[in-house]
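Welcome! Take a moment to look over the sequence and the model, then work through the exercises below.

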Amino acid sequence: MGYQSLSMVTSWTAVEAISLKIKLYIWGEIMRASVSICTHNRAIDTMQAVESVLNGDMGSADYEILVIDNNSTDNTKELFDSLNMPAHVRYIFEPQLGLSYARNRAIKEAKGEFVLFLDDDALACSTWTKEVVRIFDMDSRIGCVGGKIVPIWEGGKPDWIPHDIVSLYTLMDFSSEIVEMHAPSIPFGANVAFRRSIFQKIKPFREDLGRVGSNLMSSEESELIGRVRLEYKVFYSPYAIVEHKIAKSRLTKRWLLRRVYWQGISDATRYKKSGWGIFKHTVRIVQAALLILVSFNNVQKVMSEMAKISYRNGTIVGSFRNSRGLNP
């Protein structure tokens, strides 16, 4: 029986599935792309992400989809099994909780020339996989490709979100043309891809960075891309588009400040900062507090300064964690 789409529009036959298995596993045909969707307790969103890739215009023999279940406790496995996915969609359970563990498992399991990461709450446009592969084919020295990420605001975008930190919602509109991304610019993890062969000499994601369960630890992508950039090029394509769902639960000031706080912890962990910088951070916190007092009638400005305070607090906490040897 074929794959049963959530919208009941995609259909596969058993004959097609068997034919595909013969091509991939008996003939050993080269696969272009491995699309990885790492997930933790987002069953429905994950299957919608899978469906968006299946509805794309790349031939089924040219790519695979890896659903990396990062120790979910919801019905992710049951829902996946009930949909009778086609042969080129694989479910893989990763018991070690942590996004970096899941992503590294995807790299290890991938059979394609390129590993494309799509967030479990994102939807790929119909040309996404082809556009990403097209950039890699331009130059063998391209090791990483990112693409445009447009928001789907659940209930609309709140007016209080400052423009200078809206990218924390994982949104990307870097250029209207295909361009090389130079430091410090990087693609975002909701829509990023790597040439799989680079991991023969470059270590994959750092597992002391990245989200673990409900915490908002990050920077695993920027740290890896920084190392990739030492030997390879990083490119951006405005045509490799994904849509990113922004849930209502994230559209609160509390969530945004918590996200910025964890960014501070992440940066302190990534750069192994010690507690000696506490004076500098304290001065910046006082400066931000004074700006809040003089900008109390400008909600975006106040929120922007509050975010700076949260970031500095996170950096201080992360720095002390490093000083005490709490990070591996």
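This is a predicted model: local features need pLDDT of at least 70, side-chain atom pairs count only at pLDDT 80 or more; totals for chains, interfaces and linings use all residues.

Is Cys144 buried or exposed? Residues are numbered from 1 along each chain as its sequence is written, and side-chain values use heavy atoms, with hydrogens and water left out.

**Solution 1**

Step 1. Recall the cut-offs: buried means under 20% relative accessible area, exposed means over 50%, and partly exposed lies in between (1.4 Å probe, protein chains only).
Step 2. Cys144 has a relative accessible area of 0%, so this residue is buried.
Step 3. Try the rule on Cys125: its relative accessibility is 23%, so Cys125 counts as partly exposed.
Step 4. Look for disulfides, meaning pairs of cysteine sulfur atoms within 2.5 Å. The whole structure has zero.

**Exercise 1.** Find which residue of strand E8 is the bridge partner of Cys144, then describe the surroundings of this strand.

**Solution 2**

Step 1. Helices (H or I, at least four residues) and strands (E, at least two) are DSSP runs, numbered from the N terminus.
Step 2. The partner of Cys144 in E8 is Phe194.
Step 3. Two strands pair if DSSP finds at least two bridges between them. Strand E6 (residues 142-153) runs antiparallel to E8, with three bridges joining them.
Step 4. E8 also pairs with strand E4 (residues 112-118), again in the antiparallel sense, over five bridges. Here Leu116 stands opposite Ala193.
Step 5. In a regular strand the side chains alternate between the two faces of the sheet.
Step 6. Sort E8 by face: Asn191, Ala193 and Arg195 lie on one side, Val192 and Phe194 on the other, and all are buried.

**Exercise 2.** How many residues of helix H6 are buried, and which side chain does Glu223 contact?

Step 1. H6 covers residues 220-228, and seven of its nine residues are buried. Among them are Leu224, Ile225 and Val228.
Step 2. Glu223 is found in this helix. With a relative accessible area of 10%, Glu223 is buried too.
Step 3. A polar contact is a pair of N or O atoms within 3.5 Å; within protein, one must be able to donate a hydrogen and the other to accept it, and residues adjacent in sequence count only if both atoms are side-chain atoms.
Step 4. The side chain of Glu223 makes such a contact with the side chain of Arg227, at 2.9 Å.
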